Amino acid sequence: MVTVDVLYSAATHPWPQLRDEVLRAEADGFGRAWVFDHLSGAMLSGSRMLECFTLAGALAGATSSIGIGTLVVNVANRPAGVAVAAAASLQEISGGRFVFGLGAGAAPGSPWAREHDLLGIPLADSMRLRHQKLIDVLDLCEAQWDPHRDEKWAGFPLPSPPPPVLLGVNSAALATIAGRRCDAVNVALHHPRIGEFFEAARAARAESGRSGTPLTLNAWTTLSEGALDPDGPAHRRIAALGGDGLILVAGSSG
């Protein structure tokens, strides 16, 4: 059975409305509420924005059962240690309901880099380096969140259990990293290569040290009556791909 999650964009929903929409989603039985990681609402055709870990923590405090996730944390936006500590903190604050969604971010000079240019945040100029920054975060998660971790990490947040890690995927290379290292994948439902990415993630999982452990395959699409219909095209497509869940995005997406 396909699970259904929601995301309300902070670029187009002020905090009181966003909170109320998530509370309604919780009452209606949605699986998780996700938040974007952007620093300017202009990136999503909006005039406002809330920082993602702050917003996720507020939603965790306002709710009691719905999962809370980031879709997705751009590894360029924070030092790896800050992002990992924030994710561990959210896992504790939410009572184990957090999903740490990660992404490699955009290339310099792309439309998505505008907010970074304005803030002076450097972006790696090659895909290899952007992927390495992502891997650095995954490495630090494994080191700091291990219950038998090195003594040098004593004092850093230690989530129990560690939050699942989801990777936003738009290439076969990222799908392979997700299959080897992560718990879940997220791809745009309309992406023409979504089937290839799912297969790459599955193949990498089967060949990794985590073979036999679950890998959740999610896809996002726009929130609509049709997307909510369990017999509608979105549900049929994700089911045909062998996927597990849909994330329905209200408002701007990115």
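## Cysteines and disulfides

The sulfur of Cys52 lies 14 Å from the closest cysteine sulfur, that of Cys141, which is too far for a bond. A disulfide is a covalent bond between the sulfur atoms of two cysteines; here the term is applied to a pair of cysteine sulfur atoms within 2.5 Å. Cys141 is in no disulfide either, as the nearest cysteine sulfur, in Cys182, is 8.8 Å away. The structure holds 0 disulfides.

This is a predicted model, in which local features need pLDDT of at least 70 and side-chain atom pairs count only at pLDDT 80 or more, while totals for chains, interfaces and linings use all residues. Residues are numbered from 1 along each chain as its sequence is written, and side-chain values use heavy atoms, with hydrogens and water left out.

Cys52 counts as buried, because its relative accessibility is 0%. Cys141 also counts as buried, at 5% relative accessibility. (Buried means under 20% relative accessible area, exposed means over 50%, and partly exposed is in between, using a 1.4 Å probe and protein chains only.)

## The annotated domain

The UniProt record, an unreviewed entry, carries the annotation "domain: Luciferase-like" for residues 10-216. UniProt positions follow the numbering used here, feature names are shortened, and annotations may be inferred rather than shown by experiment. Helices (H or I, at least four residues) and strands (E, at least two) are DSSP runs, numbered from the N terminus.

## The nonpolar core

The largest nonpolar core contains 78 residues. Such a core is a set of buried Ala, Val, Leu, Ile, Met, Phe, Trp, Tyr and Cys residues joined through side-chain atoms within 4.5 Å. Phe100, Leu102, Leu167, Val169 and Val185 have the most contacts inside the largest core.

Leaving aside neighbours within four places in sequence, Leu167 is in contact (heavy atoms within 4.5 Å) with residues including Leu102, Leu134, Ile177, Cys182 and Val185.

A pocket is an open set of points, on a 1 Å grid over the protein atoms alone, where a 1.4 Å probe fits, with protein on both sides within 12 Å along at least five of seven lines; lining residues have an atom within 4 Å of a point. Helix H5 gives the most to the lining, with 4 residues. Among the lining residues are Cys141, Trp145, Pro163, Arg181 and Arg210.

Gln144 is found in helix H5 and counts as buried, at 2% relative accessibility. Not counting residues up to four places away in sequence, Gln144 touches Val84, Arg149, Trp153, Phe156, Pro157 and Leu158.

## Backbone features in loops

A cis peptide bond, with omega about 0 degrees, joins Ser160 and Pro161. Pro161 is in the loop between helix H5 (127-145) and strand S6 (165-168), and counts as exposed at 52% relative accessibility. Pro161 and Gly96 are 65 residues apart in sequence, but their C-alpha atoms are 7.1 Å apart in space.

The peptide bond from Leu71 to Val72 is also cis, with omega near -10 degrees. Val72 lies in the loop between strand S3 (67-70) and strand S4 (73-74). Ser45 is not a glycine, yet has a positive phi of about 60 degrees. Ser45 sits in the loop between strand S2 (32-35) and helix H2 (52-62), and is exposed, with a relative accessible area of 70%.
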